[in-house]
Amino acid sequence: MTLIQWFLFFIAIQIIHFIGTWKLYEAAGRKRWEAAIPVYNAIILMKIINRSPWWTILLFVPVINLIMFPVVWVETLRSFGKNSTLDTILGVLTFGFYIYYINYTQQLNYISDRSLIPTNKTADTISSLLYAIVVATLVHTYVMQPYTIPTSSLEKSLLVGDFLFVSKFHYGARTPMTSVAAPMVHDTLPLIKSKSYFNSPQLPYFRFPAWQEVNRNDIVVFNWPADTVRYFGDRNSVNIRKPIDKKSNYVKRCVGVPGDSLSIKDGLVYINNKLLILPERAKPQFSYTVITDGSSFDYNYIVRDLHITDGVYQTDQTTFLFRAISDETAERLRQNPIVKSITRNISHESDPTIFPSNTNWNVDNFGPIYIPQKGKTVVLNSKSLPFYKTIISEYEKNDLKITGDEIRINGQIATTYTFKQDYYWMMGDNRHNSEDSRFWGYVPENHIVGKPVFIWMSIDGINDGIKNWKIRWDRLFTTVSGEGQPQSYFRYFLAALILYFSISAFIKRRKEKKN
């Protein structure tokens, strides 16, 4: 929906509200016109039902308002003596239109001093549950979101089985664009594995002010721009175009920011013709071919000493393929007496799956490519258009038509294009085992979700069944970013927890003695 459509929809809601409630306002001692003024009418309604004015804000928070509307309908009915179970059911099932019936057909007896304490245990439980869902959804959407690392594309920096807290406020919390969705889940309802949202109506993109920009080398969680597949079913059976905020969450390292010129030479990333210097915690990995004297590697040596648990293949009696190891591990392998040679595998052949598919590039030799910046203008022609075609038509919603060498945008012949938002280039540290921007291109600013800041749990073998789980104690309560190697703060957390419970128990005993 466009902004004009949303405005008309909002006005329609206000008219519906006024027609169905003006007599209720009058019965509560308010003026009829107070039911007609947008936002102000909600503030007055909160006073009528004896609820905090802060509830008004929650009525305008996407997803949260889906929980709040039924609550307000029921509270309104109870403020006029409609307390029965049937009244509650009718209020919810009719989407509040039962209030119309009360407004026009019933004697309105306003109860100004009604008790807000639930009258039975069931009502109390429901009230507590709704409150918990509202608070959790607010935190999940605007402050901090839990996230699990599912793949090895950032292996060594972030491990499969790491459980993260992702900050929403570092890059500015993004308000939901999908306005009708189940709270606390992404695109899939648990257990029944069905879609958790309606595709429409969609809200315009909006992001709160950020604490910081997305910087080069930041690890970032974002919505996968190329996601048109169904996560909650057979990924190969149905092609679904998801809303932006319901596309699958990915986590990669931002290696290029708006305005950068990026290229990859023999697997190394260059920004503006300078080698990208990665932070100490980054452990880029590559595929290596190792030639031995005919002896086989000891399994314990591979797993225990080199910490490699996957991606080791013996191709013949003397040759081994290591799919993903760091330079440090490669150097340790080189010192092994059975190793005759070790060579990083670098691709030089053209790969048609590489973005934008009209070049002779591959994962190890790529570019240069310009990363679009908001407000900057580029020349458009048949050679440059493949780089920006998706941006123009999909991400920035223009009508793009191509006839021979003629390019038309929104009906006008175009030889240049000015970008409406910033874009980023995301790559995995596991260079030969990462589906990233090299395959599907730029990540738009409106796809940015947040910044991983903290690992609160890490389980080795997370995909191998619970019997094979092993907690990585050294990774618990470690920060994702920062200087030097990660340091676990788990012992400090335990000490603080013990101290808290000890003080609480001491205070409780003192109170009991006084009583």
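Analyst: Before we start, helices (H or I, at least four residues) and strands (E, at least two) are DSSP runs, numbered from the N terminus. What you have on screen is a predicted model, where local features need pLDDT of at least 70, side-chain atom pairs count only at pLDDT 80 or more, and totals for chains, interfaces and linings use all residues. Residues are numbered from 1 along each chain as its sequence is written, and side-chain values use heavy atoms, with hydrogens and water left out.

User: Good. How many helices and strands does the chain have?

Analyst: Twelve helices and 24 strands. The C-alpha atoms fill a box of roughly 95 × 80 × 40 Å along the principal axes.

User: And how do I read "buried"? What percentage of the 515 residues counts that way?

Analyst: Buried means under 20% relative accessible area, exposed over 50%, and partly exposed in between (1.4 Å probe, protein chains only). Here 43% of the 515 residues are buried. As for contacts, meaning heavy atoms within 4.5 Å, take those with a separation of 6 or more: residues 24 or more positions apart account for 66% of them.

User: Which strands does β5 pair with?

Analyst: Two strands pair if DSSP finds at least two bridges between them. β5 pairs with β6 (residues 249-256) in the antiparallel sense over five bridges, with I219 opposite R253. It also pairs antiparallel with β22 (residues 448-460), over two bridges, and there V221 stands opposite G450.

User: What else pairs with β22?

Analyst: β2 does, antiparallel and over six bridges, with L164 opposite I455. L164 also faces Y147, and Y147's strand β1 (residues 144-148) pairs antiparallel with β2 over five bridges. Five of the six residues of β2 are buried.

User: Now aromatics. How many aromatic pairs turn up in the whole structure?

Analyst: A pair of aromatic rings is described by the distance of the centres and the angle of the planes. The cut-offs are these: rings of Phe, Tyr and Trp (its six-membered ring) pair if their centres lie within 6.5 Å, and planes under 30 degrees apart count as stacked, over 60 as edge-to-face and the rest as tilted. The search finds 40 pairs. One of them is F165 with W456, stacked at 6.0 Å centre to centre and 25° between the planes. F165 lies in β2 (residues 162-167) and W456 in β22, so the pair ties together parts that are 291 residues apart in sequence. F165 is partly exposed at 32% relative accessible area, and W456 is partly exposed at 32% too.

User: Which residues form the aromatic cluster?

Analyst: Among them are F355, W361, F366, Y417, W425 and Y442. F355 comes up again as a contact of S437, along with Y424, W425, M426 and V443, leaving out residues up to four places away in sequence. S437 sits in helix α11 (residues 437-440) and is buried at 0% relative accessibility.

User: What is the phi of N217?

Analyst: It is near 85°, a positive value in a residue other than glycine. N217 lies in the loop between β4 (194-195) and β5 and is buried at 16% relative accessibility. V39 also has a positive phi, about 70°, without being a glycine. V39 lies in the loop between α1 (3-27) and α2 (40-48) and is partly exposed, with a relative accessible area of 37%.
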